[in-house]
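Please take the sequence and the coordinates together, and follow the backbone on screen while reading. The paragraphs below are meant to be checked against the structure as you go.

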Amino acid sequence: MDGTKHRILMVSDFFFPNFGGVESHIYYLSQCLLKLGHKVVVMTHAYGNRSGVRYVTNGLKVYYVPWRPFLMQNTLPTLFLTLPIVRTIIIREKISVVHGHQAFSTLCHEALMHARTMGYKVVFTDHSLYGFADAGSIHMNKVLQFTLADIDQAICVSHTSKENTVLRSGISPEKVFMVPNAVDTAMFTPSPKRLSCDEIVIVVISRLVYRKGADLLVEVIPDVCRLFPKVRFIIGGDGPKRVRLEEMREKFSLQDRVEMLGAVPHAQVRSVLISGHIFLNSSLTEAFCIAILEAASCGLLTVSTRVGGVPEVLPDDMIVLAEPAPEDMVRAVKKAIDMLPGIDPQVMHLRMKKLYSWDDVAKRTEIVYDRAMQSSTTNLLDRLPRYLTCGSWAGKLFCIVMIINYLLWRLLEFLQPAEGIEEVPDIRPLHSQLDSRDDSCEAQEKQI
Amino acid sequence: MKSSDGNRIRLQPMWRKVAYGGRQPGYDDNHTDESFLEEMVMNANVVKRDLLKVMIDSVSISQYLCIVALVVSTWTLTLNLDINETTLLKLDVGLLLVGFSVLLLTTCPFSLKLLAKYVLNISFFISGLYVLAPIYHTLTRSISSDSIWALAVSLLLVHLFLHDYSGSTIRPPGALNNPKLTSNISLNASIVASVLVASRLPSRLHVFAIMLFSLQVFLFAPLITFCVKKYHFRLHLLFSFALMVVTLSVTYQLHRMFFILLLALLVFISIVCPYWLIRIQEYKFEINGPWDEAKLCFDITE
C-alpha cells in the first residue's frame, strides 16, 4: 500500500432506499473506505421523490441523479445522455477512481464508459452470475464485454463469480480480484439466551421467486415435516411463489407448523433469525449469498443448495450443502438436525467475526484501487483496438460508440469548460476529525 | 530435505478456493490458481446428429408442405371451374371416411364412445358450415380479387411458418400437453385463407364444398399424419413418399413454375437443410459450470 488517498465515485442503480446485497455492499464498503481516509461519493438514480444530493451516515455523500428507473430499478439505457451529469460530478468532486457495481445496472455501465472517455481509472464489481445460453444472458454478456474491454481492474465476490466473469467478458484473470462480501457482525448477534432443542425451528428468509428456489421449498417442507415431528418452519419474504407455498401448507394441513411472515424489513431480519436453529437457503443461483452470512452471524446452522459461490462462503462445519433436489435437501436437513446439539451460537458468532469484516473488504478493495492507479494512462487511439477485439460486428459498433462519446465529451469541454465548474470543498468525516481509534465501522447506525 | 520441504509448505500454505477468512496469506486477491476454470464443462449436452436420421425427420415437413400444395391445387382447379361441386363433395366425403378409418385403426383402444363423439362433433360442424356458407359467399364482395389473393398467399405463408410440424394442433386422443400459441395462430391463418378463397367462388354449394374440404385438411390432416407416425414409422415414410409423388404429378399438370418451385423446396428441406445442420454442428460451443442456474428435477405445476 503506498498510502495515497483516493477519491472514489461509486456508481450503481442500486442503493438505499432499495435493499439487497449490492446496496449493502456499496454502503458498508463506502463507510469503511471513508474511515480509511479516502473520499467516497455515491451516485445512483432518483428513488421516488428522493432526488438531488443527500448525506447519509458519516458524511457519505449520495447523488440521486434525476433519472427515473424504468425496469427493475434500472434507468433507461441512453448511452450518451448521462455524460454531462457524470462529468460534472466527477469534476466537482475531483474524483480519481470510478467504481461501478453490478452487471445489470445501466447507470453503472454508462458512467464507466464516460469515465474511460475522460481518462479516469475505473474499477468494476460484478455481483452476479450469468449463464451463456439464453438470449438475455448473451446480450448482458456482450454489454459486460464492452465495459470490461477497457477496465483497469475488476472485482468479483467469489471465485466462482471470477471464473464466470472471466469467461463472459474474456478479460485476463490477472485483472480480476476476488474480494468477498462481508456481514455486519455487530448488527447480527445471536440471541443471548440459548434456544431449547425440544422444538427445532427452521428459518427461511428470501424473496419467494423461482430463482431463489421457492419451488424447491414447496417440495422439501412437507417431507421434512413428515419425517421430523418436532420441526417447525418460519418463512419470511414475499413474492409471486408465495401462493404456491400457501397452497402446499393447506394441502398438507401444516398451518400450525409453517408460519408465513410475508416481507420482513431488513431491520427485523435479526429478530426473525434468532428465533430459529437452522437457516435454509434454497437458491438456484447465487454469486455469494449474504443471507447465509447473516444467519451464521446470528449463530444459525445453514443448510443450502450447492450452487454458484455458496460452497466457498462458509467452512464445512458451519454449513450443510445439498444438491438442488428435494431428496438431497431433506437428507441435508436431517444431517443438520443431527449436528445441532454440537453448535453453540455464541461460538459461531465469534468465528464469523474473525472470518468476515467489512474493514477487511475495504482494505482489500483499497489494494485494487492502488493497482488501478498504477495502470498507465492511455489515449483514445490506444484504447480503440481493445474494443475492436470484442467481435467482428460488436467490436466495430463499440468503437463507434466510444468515438461518438469522445466527440461529445470534447464538445462539452468546449461548451462548459472544466474551469467553470465549481469544486466542492471537502467536509472531513466526523470520526477522522475526532481521530477515533474505534476499529469497527459497522456498528454505526444507518440514518437515511 | 524433508524438513525444508515441510518448512516451505508451512511458509506458503496451499491456496484454497474459499471466500472466508480474509486474504489468503502469500496470495494476492487476483491470484489465479491452476484449478481456475477446472469445473468448466464444454459441449456436455451436444447431441451427435446423423445425416440420415435428420433427413428422415425432415420428411414430416415435406409431407405437410405437400398437403398444403395439394389444397392450393384443389383451390386453383375449383376457381378455374375444372372441378364441379358434386365432385368436390364426393371428395369431401371420401376424405372424411378415410380419415375416420385411419383414426380408428391407429388409435389403440378402439371405442365406440370415441367414434360417436367424433361423429356428433363432425355433424354439428358440417351443419354449421352449411348454414354459414351464404355469408362466406358474399363476405368479401366489396374487396378486389388482387387483395384477396395477396392476403391468402401471405396467410398461407404464415401458416406454414408457424405450423407445429412435430405434433398436432387438434389434440390427439391421449395427448397430454396443450397446443402452443404459435400453432393456434397458424391454424387460424389457414382458416382465414380458406374463407378468403371460398368467398370468390360462384355458388353457395361451391363455397360449402371448398370450405369443408379446406377445414377438413387443415384441422385433421396433421392429426391423421400424427396418428400414422405414432402407429408405424415405416408406414409414415411410405405414406409421405406416395403423397410427394402425387403432389408433384398434380402440380406438374397444373402449373410448370409451381412444380419447379415445389420440387426445389422439397430438395432444400430434405437434403440441403439436414446437410447444413450437420455442417454447422461443429461450430457448436456450449459452456457449463458451477455458475449455471440449477435446473429443478421435478415438474412445477402452477
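Predicted model: local features only at pLDDT ≥ 70, side-chain atom pairs only at ≥ 80, totals over all residues.

Residues are numbered from 1 along each chain as its sequence is written, while chains are lettered from A and ligands numbered from 1 in the order in which they are written.

Helices (H or I, at least four residues) and strands (E, at least two) are DSSP runs, numbered from the N terminus, and two strands pair if DSSP finds at least two bridges between them. In chain A, eight strands make an open sheet of mixed pairing, with the order 3-4-2-1-7-8-9-10. Strand 3 (52–56) and strand 10 (176–178) of chain A each have a single partner strand, so one side of each is left without a neighbour in the sheet. On average, neighbouring strands of this sheet are turned by 25° against each other, direction ignored; axes are lines fitted to C-alpha atoms, for helices over the stretch in contact, and angles run from 0 to 180 degrees between N-to-C directions. Within the sheet, strand 1 (residues 7–11) and strand 7 (residues 97–101) of chain A run parallel and are joined by four bridges, and M10(A) stands opposite H99(A) of strand 7.

Helix 3 (residues 106–117) of chain A lies across strand 1, strand 2 (39–45), strand 7 and strand 8 (121–126), and runs at about 160° to strand 7. Helix 5 (residues 159–169) of chain A packs on the sheet by touching strand 8, strand 9 (153–156) and strand 10, with a direction about 165° from that of strand 10.

A residue is buried if 20 or more other C-beta atoms lie within 10 Å of its own, exposed if 12 or fewer, and partly exposed in between, with C-beta atoms placed from the backbone. The buried residues of helix 4 of chain A are N141(A), L144(A), Q145(A), F146(A), T147(A) and L148(A), and their cover includes helix 3, strand 8, strand 9, helix 5 and helix 15 (394–415) of chain A.

Strand 11 of chain A is mostly covered, with five of its six residues buried; six bridges join strand 11 to the parallel strand 12 (residues 231–236) of chain A, where I234(A) is the bridge partner of V203(A).

Between the chains, 39 residues of chain A are in contact with 23 residues of chain B. Helix 5 of chain A gives the most to the side of chain A that touches chain B, with five residues.

UniProt positions are given in the numbering used here, with feature names shortened, and annotations may be inferred rather than shown by experiment. An unreviewed UniProt entry places "domain: Glycosyl transferase family" on residues 198–338 of chain A, a span that is 38% helix and 21% strand, with end C-alpha atoms 13 Å apart. For chain B, the "transmembrane region" annotation of an unreviewed UniProt entry includes residues 118–136, and these residues are 100% helix and 0% strand.

A cis peptide bond, with omega about 10°, joins F16(A) and P17(A), and P17(A) is found in the loop between strand 1 and helix 1 (21–35) of chain A. K94(A), a residue other than glycine, has a positive phi near 50°, and K94(A) is exposed, with 12 other C-beta atoms within 10 Å.

Notes:
Contact = placed C-beta atoms within 7 Å.
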